[in-house]
4 protein chains.
Amino acid sequence: MIILIKENTASADLREFISSLRKRGVTVDTAAAPAALILTGGSLPDADRLSALEFVREILPLREPYSLASRHLHPQNTVVTVGSARIGDGGLTLIAGPCSVESEEQTVAVAKAVKAGGAALLRGGAFKPRTSPYTFQGLGERGLAFLKTAGEEAGLPIVSEIMDAAQLPLFRDVDVLQIGARNMQNYELLKAVGRQEKPVLLKRGLSATYEEWLMSAEYILKGGNPRVILCERGIRTFESHTRSTLDISAVPVLRELTHLPVLVDPSHASGRASLVAPLSAAAVAAGCDGLEIEVHDHPACALCDGAQALTPDTFSRLAKELFALHGFLQKEACAQNVERSRCRWNPEK
Amino acid sequence: MIILIKENTASADLREFISSLRKRGVTVDTAAAPAALILTGGSLPDADRLSALEFVREILPLREPYSLASRHLHPQNTVVTVGSARIGDGGLTLIAGPCSVESEEQTVAVAKAVKAGGAALLRGGAFKPRTSPYTFQGLGERGLAFLKTAGEEAGLPIVSEIMDAAQLPLFRDVDVLQIGARNMQNYELLKAVGRQEKPVLLKRGLSATYEEWLMSAEYILKGGNPRVILCERGIRTFESHTRSTLDISAVPVLRELTHLPVLVDPSHASGRASLVAPLSAAAVAAGCDGLEIEVHDHPACALCDGAQALTPDTFSRLAKELFALHGFLQKEACAQNVERSRCRWNPEK
Amino acid sequence: MIILIKENTASADLREFISSLRKRGVTVDTAAAPAALILTGGSLPDADRLSALEFVREILPLREPYSLASRHLHPQNTVVTVGSARIGDGGLTLIAGPCSVESEEQTVAVAKAVKAGGAALLRGGAFKPRTSPYTFQGLGERGLAFLKTAGEEAGLPIVSEIMDAAQLPLFRDVDVLQIGARNMQNYELLKAVGRQEKPVLLKRGLSATYEEWLMSAEYILKGGNPRVILCERGIRTFESHTRSTLDISAVPVLRELTHLPVLVDPSHASGRASLVAPLSAAAVAAGCDGLEIEVHDHPACALCDGAQALTPDTFSRLAKELFALHGFLQKEACAQNVERSRCRWNPEK
Amino acid sequence: MIILIKENTASADLREFISSLRKRGVTVDTAAAPAALILTGGSLPDADRLSALEFVREILPLREPYSLASRHLHPQNTVVTVGSARIGDGGLTLIAGPCSVESEEQTVAVAKAVKAGGAALLRGGAFKPRTSPYTFQGLGERGLAFLKTAGEEAGLPIVSEIMDAAQLPLFRDVDVLQIGARNMQNYELLKAVGRQEKPVLLKRGLSATYEEWLMSAEYILKGGNPRVILCERGIRTFESHTRSTLDISAVPVLRELTHLPVLVDPSHASGRASLVAPLSAAAVAAGCDGLEIEVHDHPACALCDGAQALTPDTFSRLAKELFALHGFLQKEACAQNVERSRCRWNPEK
C-alpha cells in the first residue's frame with residue numbers, strides 16, 4: 001500500500017505515525033517521504049482507518065489483495081479432478097442437467113441423455129434459492145437422493161447447490177458443491193466449504209467484480225481446500241432482454257489473474273434457450289475450461305427456468321459442435337494466439 | 001398474471017392449455033381471449049415456464065408478488081417496539097454505535113455517549129462480513145458480550161448483525177437481529193429469523209431492487225415474524241466518489257409499497273463522515289422512520305470503517321439538529337405535504 | 001500522476017524514459033525511484049499510453065483532472081445571476097414550467113401560475129430529445145416564441161434545452177441554455193455554449209460520474225463562459241420503480257469538489273408526481289441551490305412526461321413549504337451543521 | 001399497447017375515454033373491458049400521459065417500438081456494400097486502423113499493413129470525443145485528409161467518427177460515418193446522417209439498452225438512409241478491470257431483433273491489447289458480421305488508447321486465425337447450430 005501524505009504535514013506527526021506502523025511489524029519504505037510512504041508486510045492497518053487520519057491524502061493499493069488465488073504467485077494451472085473429468089487441464093468439460101431435480105425418473109433420464117451427449121458431470125438443484133418464498137424451493141434431501149441415483153445409473157459425478165453451512169451433512173454423496181451467485185459473499189458458507197475436501201464450484205455474484213469474486217475464492221482456499229472452480233454466470237446490467245449479461249471477458253481476464261479453472265454458464269446468463277448455442281461457442285472461443293448447461297427432458301414443463309433449458313437432443317448436437325470447435329481452436333488456426341494465451345502460464349504445455 | 005397469446009394459435013391448443021390451468025385451481029378469465037388470458041388465484045405456474053410455451057407471446061405480472069409486506073393489503077403502518085422505541089409510529093428513531101465492537105471499554109463509552117446524544121438503540125458488529133479473509137472479522141461471541149454489557153450500562157437495547165442461521169443461539173441477548181446487504185438473499189438465514197420473535201433489521205442488497213428487497217422481507221414475514229424493519233444503505237452505481245449511492249427515493253416509494261418501517265444508514269451509504277449530516281437531513285426530510293449512524297470514540301483508530309464514523313460529540317450535535325428538523329417537518333411548513341404522504345395510510349394520525 | 005515501475009526494470013530504460021518526459025516539460029520527482037516516479041506539470045502523456053510501456057506497473061492519478069471547475073483552486077462560490085435570481089448565493093431558486101411548450105395559451109398560464117407560486121425562472125422545452133423518432137419532438141422555433149411571450153408576460157427569465165450547436169441563433173431570446181442528460185458529452189455543443197455568454201444549465205448524464213460531469217463543465221468553462229449551473233437529475237440504476245435514481249449525495253459532494261451552483265430536478269429523477277414533494281424536501285435538506293420542477297396545467301393531457309408534472313396549485317403549496325424548510329435550515333437547528341458545510345468555502349458568509 | 005383499468009372505474013369515464021381515443025384514430029379492442037383495453041394503430045397517446053389518468057392501473061407495451069429496424073417486419077438481412085466489402089452477407093469484415101490519425105506517414109503505413117493483413121476498411125479518428133478538454137482532440141480536417149490519402153494508397157474505403165451535424169461537409173471523402181457511443185442519442189446528428197446516403201456505423205451507448213440503440217438506428221432509417229451498421233463496443237458495468245464490458249449476447253440477440261449488420265469492437269470494449277484476440281474469437285463464434293480493431297505501428301507511442309492497439313504484425317496473425325475460425329464455423333461442426341441461427345431469417349442461404 002502507498003500512503004500519499006498531504007503537503008505541510010508536520011514532521012513530528014509523520015515520524016510518530018511511521019513509528020506506530022513499525023510497532024505493528026509493517027515495513028515502511030520512506031524513499032518517497034514526505035510525499036508518500038510505501039508499506040509492505042506485517043499487519044497492515046485498514047485503508048479506511050488510515051484515510052481518516054488528518055495528514056493522509058490518499059491510500060493506493062499496490063497489489064491484488066488475494067494471494068492463494070493469484071496467478072502471479074502460483075503460475076501453474078490448478079486442475080480439479082472429479083471422476084474422469086480433469087477441469088482446468090486444457091480440455092473442455094461439460095456439466096449438464098436440470099435446473100431442479102423434479103423426480104427420480106426425470107433425473108435418471110436426463111442424466112443418461114447428457115452422459116451420452118458428452119457431459120462429464122451431472123448437475124441438478126435440490127435446494128433452490130428463489131426470490132419469492134412462494135415459488136418452488138426444490139425437493140431438498142429427497143432431490144439429492146434422486147440426483148445420487150441418477151448419477152450412479154449414468155456413471156456421472158454430481159454437482160448440486162448448497163445454500164447453508166448446516167446443509168453440509170446432507171451433501172455427503174454430492175461430488176461438487178455449487179455456491180450460487182446470491183451466496184457468493186455468504187462468508188460463513190465459504191468458510192465451511194473451505195474446511196472440507198470436496199471441490200467447490202463458485203459462481204460469480206450478480207454485481208460482483210473479479211476482485212470480489214477472487215476474494216471469495218480466497219476464503220475457501222484459506223480454509224485449506226484448493227479445489228475451487230470459478231463459474232461466470234452473467235452480471236446484472238441495464239439490459240433486460242437477457243436475464244443477465246454474460247461477461248465474456250471474464251474468461252481471458254481470470255486466466256491472467258488466477259490459476260483456478262474458469263467455467264461459463266450460458267443458460268443462467270441468458271435465460272433463453274435460443275442463446276445457449278452462440279454463447280457457448282463464444283465461451284469456448286474465449287478459452288473457458290468448460291460449460292454448465294441446463295438440460296430438461298420437457299423444458300416447457302420445468303418447475304423452474306424452463307425457458308432456458310435445452311432438450312437432451314439439442315444438447316447432444318451442441319456438445320458435438322462445441323467439442324469440434326474446441327478441437328479446432330486447440331489444433332488449428334488459433335493455436336498461436338488463443339491457445340497461447342490459455343497456456344502462457346503453464347510451461348509444461 | 002396476463003398471458004398474451006400469439007396470433008394464429010390453434011384454438012385446440014388454447015383450450016387444452018386453459019383446461020390444464022383450471023385443473024391446477026387457477027381462475028382463467030377469457031374475456032380477452034384469444035389475444036390474452038387473465039389468471040388469478042390458485043397455484044400459478046412459473047412465468048419462465050409459461051413463456052417457453054410455443055403460443056405464449058408475453059407474460060405480464062398483474063400485481064406485486066409479495067402479499068404480507070404489501071401496503072395495498074395491509075394499509076396500517078407496522079410499528080416495531082424495542083425498549084422504549086416505537087419504530088414506525090411517526091417518530092424519529094436513532095440507532096447509533098460503532099461499526100465493530102472492539103473492547104468492552106470502548107463500547108460502554110460509546111453507548112453512554114450516544115444514549116446521552118439521543119439514540120434509542122445501540123448498534124455494534126461482532127460478526128463482520130468482510131470482502132477479504134485477511135481483514136478483521138469481528139470479536140464474535142466475545143463482542144456480543146461486550147455489546148450486552150454496554151447496552152445494559154447505558155440502558156439501550158442492542159442491534160447486531162447475524163451472518164448465519166447457526167449463530168442464532170449466540171444472539172440470545174441481542175434485541176434486534178440485523179441482516180446485512182450481502183445476506184439479503186441468504187434465504188436459509190431469512191427463514192431462520194422468520195421462525196423466531198426478535199425484530200429483524202433487513203438491509204437492502206447492494207444491487208437489489210425494491211421488489212427483491214420486499215420479497216426477502218416476505219420470507220421473514222411468511223415464517224411468522226411480523227417485526228421487520230427495512231434499512232436503505234445505498235446501492236452500487238458507477239459513482240466511486242461515495243462508497244455506495246444512497247437511494248433517497250426508497251423512503252417515499254417504500255412508504256407506498258409497504259407498511260413496514262423504513263430506516264436509512266447514511267454512514268455505509270456514503271462511507272465518509274463529512275456526508276453523514278447532509279444525508280441524514282435529506283433522509284429525515286424524505287420521511288424516514290429513523291437512522292442508523294456509526295459512532296466511534298476515536299474514528300481514526302477504528303478497526304474498520306473509521307472514515308465514516310462520527311465522534312460522539314458530532315453525533316450529539318447532529319442528533320439535536322435532526323430532531324429539530326423532524327419536529328419542524330411534522331408541525332410546520334411541510335405538514336400538508338410530506339407529512340400527509342407519510343401518514344396517508346394511517347387514519348389514526 | 002504517480003507511475004509505479006515494475007521490479008527488475010533496467011536502469012537504462014528508466015533513465016531514457018525520465019529523460020523523454022523532461023523533454024516534454026514534465027517535472028519528474030525521482031525520490032521514490034526506482035519503485036515509482038511522481039510527475040507534475042508540463043504536458044503529461046496519456047495514462048493509457050504510459051500503461052502500455054513494458055516497465056510500467058500502474059498509473060496513479062494524483063488530483064482531479066479539472067481545474068477551472070475545481071473548488072480546491074477556486075474556493076469562492078460561483079453565483080450565476082439571471083434576472084432577479086442569484087443562483088448559488090445561499091438562497092433557494094425554483095425553476096418551474098412545462099416539460100414541453102404546447103401552446104402559447106398553456107405556457108402563459110403556467111408561467112403566471114409558477115411566478116405567483118414563487119418560481120424565479122420559467123422552464124419549457126421546444127426541442128425535445130426523445131428516444132423514439134415517432135414521439136412528439138417539440139414545437140421547435142414556434143415553441144421558443146411561445147416561451148418568450150410567456151416569460152415576458154409573467155416577468156420571468158426563460159430556460160430551454162438546446163440540442164445542437166447549430167440551434168444557437170434560435171436561442172437568442174432564451175436566458176439560460178439547458179443541456180440535457182443525453183448531450184452531457186456532446187462535446188461540440190459544449191464547446192459552442194462555452195464560446196457565448198448565456199448561463200448554461202448542465203444536466204448530469206444518465207450514467208455519468210461526478211468527474212465526467214465536471215469534465216463536461218470544464219469544456220464550457222475553458223471556452224470562456226464561467227456561468228455554469230449543474231443539475232442532478234437522477235442516474236440509471238437497476239431500480240425500475242422510479243424513472244431514474246436521484247443521487248442525493250451529489251449535492252454535498254459537488255459542494256466539496258466544485259464552486260459551481262448545484263440544482264436538483266426531482267421530476268425527471270423520479271418520473272412520478274407523487275415523489276416530487278419528498279425528493280424536493282430531501283434536496284433542500286441536503287443543501288441544493290435550487291430545484292427544477294415540472295408544472296403543467298393539465299398533467300393528464302401533457303404531450304410528454306405528464307405523469308411527473310405537478311399542477312400549479314400543488315406547485316404553489318410545495319414551493320411555500322420548501323421556502324419554509326430552507327429558511328428553517330438556514331436559521332435554526334441545522335445552522336451548525338448543514339449550513340456550515342454549505343458555506344465552508346465561502347469566508348464571507 | 002394494453003391499458004389495464006382499475007377496478008370500480010365508472011363506466012361513463014371509460015366510455016368517454018374510449019371515445020376520445022377513437023377520435024384520434026386509435027383502434028380500441030374492448031374484448032377485455034372493463035379490465036383492459038387493447039389499443040392498436042392510429043396516433044397512440046404517450047404512455048406517460050395515459051398512466052397519469054386516474055383509472056389507469058398500468059400500461060403494457062405490445063411490440064417493439066421500432067419498425068424500420070425490426071427483423072419481424074423485414075426478415076431479410078440488410079447487406080451494406082462499401083468498396084469490395086459486403087457487410088452483413090454472412091462473411092467476416094475486418095475494419096482496422098489507428099484510434100487517432102496522427103500523421104500521414106503513420107496512417108499510410110498502418111493502412112497498407114492492415115490491408116495486407118486482411119482488413120476491408122480503414123478506420124481512423126480525426127475528431128476525437130475526449131472526456132477531458134485538455135487531452136488530444138484529434139487532427140480534425142487535416143486528419144481526414146491524411147486518412148483519405150492512406151485509404152487511396154492502400155486501396156481501402158475509410159471510416160471516421162463524426163461528432164456534429166455541422167461537420168458533414170468535411171466528411172465528403174469519408175466512406176462510412178461512424179457515430180460514437182457518447183453520441184448515440186445525439187438526435188440532431190442522427191437526423192442529419194439519416195438525410196444523406198453514406199453508410200453509418202452506429203456504436204452502442206455506454207449504458208444503452210438494445211431497444212434504445214435500435215431506436216437510434218430508427219432515427220437514421222426514418223430519415224431515408226437504410227445503410228446502418230450496428231457496432232457493440234462494450235457497456236459500462238461495475239467491473240473496472242476492463243474499460244467496458246463486452247456484451248457478447250448483443251450479437252445473437254440483435255440477430256433476432258433486427259436485419260441490420262452487427263459488428264463488434266473488442267479494442268474499446270476491453271481497453272487492453274491482450275484481450276483483443278480472445279474477444280475477437282468469441283465475437284466470431286457468436287456470429288458477428290465483422291470486427292473493428294485498433295492497429296497502431298507503435299502502440300506505446302499512440303496519442304490515445306495505445307494500451308489497446310495491436311501492432312500490424314499481431315493484427316495480421318489474428319486476422320488469419322479469425323478468418324480460419326469463421327470458415328470452420330460456416331462449413332464444419334457448428335453448421336447445424338450457430339450457422340442456422342445466423343441465417344434463420346435469410347431464406348437464400
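## Contacts and composition of chain A

A contact is a pair of heavy atoms within 4.5 Å. In chain A, 68% of the contacts with a separation of 6 or more join residues 24 or more positions apart. The structure is a predicted model, in which local features need pLDDT of at least 70, side-chain atom pairs count only at pLDDT 80 or more, and totals for chains, interfaces and linings use all residues. Residues are numbered from 1 along each chain as its sequence is written, chains are lettered from A and ligands numbered from 1 in the order in which they are written, and side-chain values use heavy atoms, with hydrogens and water left out.

Chain A has eleven helices and 14 strands; helices (H or I, at least four residues) and strands (E, at least two) are DSSP runs, numbered from the N terminus. Of the 349 residues in chain A, 64% are buried. Buried means under 20% relative accessible area, exposed over 50%, and partly exposed in between, with a 1.4 Å probe and protein chains only.

## The barrel of chain C

Strands of a sheet pair through backbone hydrogen bonds, either parallel or antiparallel. In chain C, eight strands form a closed barrel with parallel pairing, in the order β7-β8-β9-β10-β11-β12-β13-β14. On average, neighbouring strands of this sheet are turned by 25° against each other, direction ignored. Two strands pair if DSSP finds at least two bridges between them. Strand β8 (residues 121-123) of chain C pairs with strand β9 (residues 158-161) of chain C in the parallel sense over two bridges, and C:L122 stands opposite C:I158 in β9(C).

Helices also pack on the sheet. Helix α5 (residues 187-194) of chain C touches β10 (176-179) and β11 (200-203) of chain C, and its direction makes about 165° with that of β10(C). Helix α6 (residues 210-222) of chain C touches β11 and β12 of chain C, and its direction makes about 160° with that of β12(C). For these angles, axes are lines fitted to C-alpha atoms, for helices over the stretch in contact, and the angles run from 0 to 180 degrees between N-to-C directions.

## A buried loop residue

C:D247 lies in the loop between β12 (228-232) and α7 (250-257) of chain C. With a relative accessible area of 0%, C:D247 is buried. Not counting residues up to four places away in sequence, C:D247 touches B:T245, C:R204, C:Y210, C:E232 and C:I235.

## Chains C and D

Chain C is superposed on chain D by a rotation of 180° with 0.0 Å of shift along its axis (RMSD 0.1 Å), which is the relation of a two-fold axis. The superposition is by least squares on the C-alpha atoms of residues with pLDDT of at least 70 in both copies. In chain C, the C-alpha nearest the axis belongs to C:S207, 3.3 Å from it.

## Aromatic pairs

Over all chains, the structure holds 18 aromatic pairs. Rings of Phe, Tyr and Trp (its six-membered ring) pair if their centres lie within 6.5 Å; planes under 30 degrees apart count as stacked, over 60 as edge-to-face and the rest as tilted. D:F17 and D:F55 form an edge-to-face pair, with 5.3 Å centre to centre and 65° between the planes. D:F17 lies in helix α1 (residues 11-23) of chain D and D:F55 in the loop between α2 (47-51) and β4 (56-60) of chain D, so the pair ties together parts that are 38 residues apart in sequence. D:F17 is buried, with a relative accessible area of 8%, and D:F55 is buried, with 14%.
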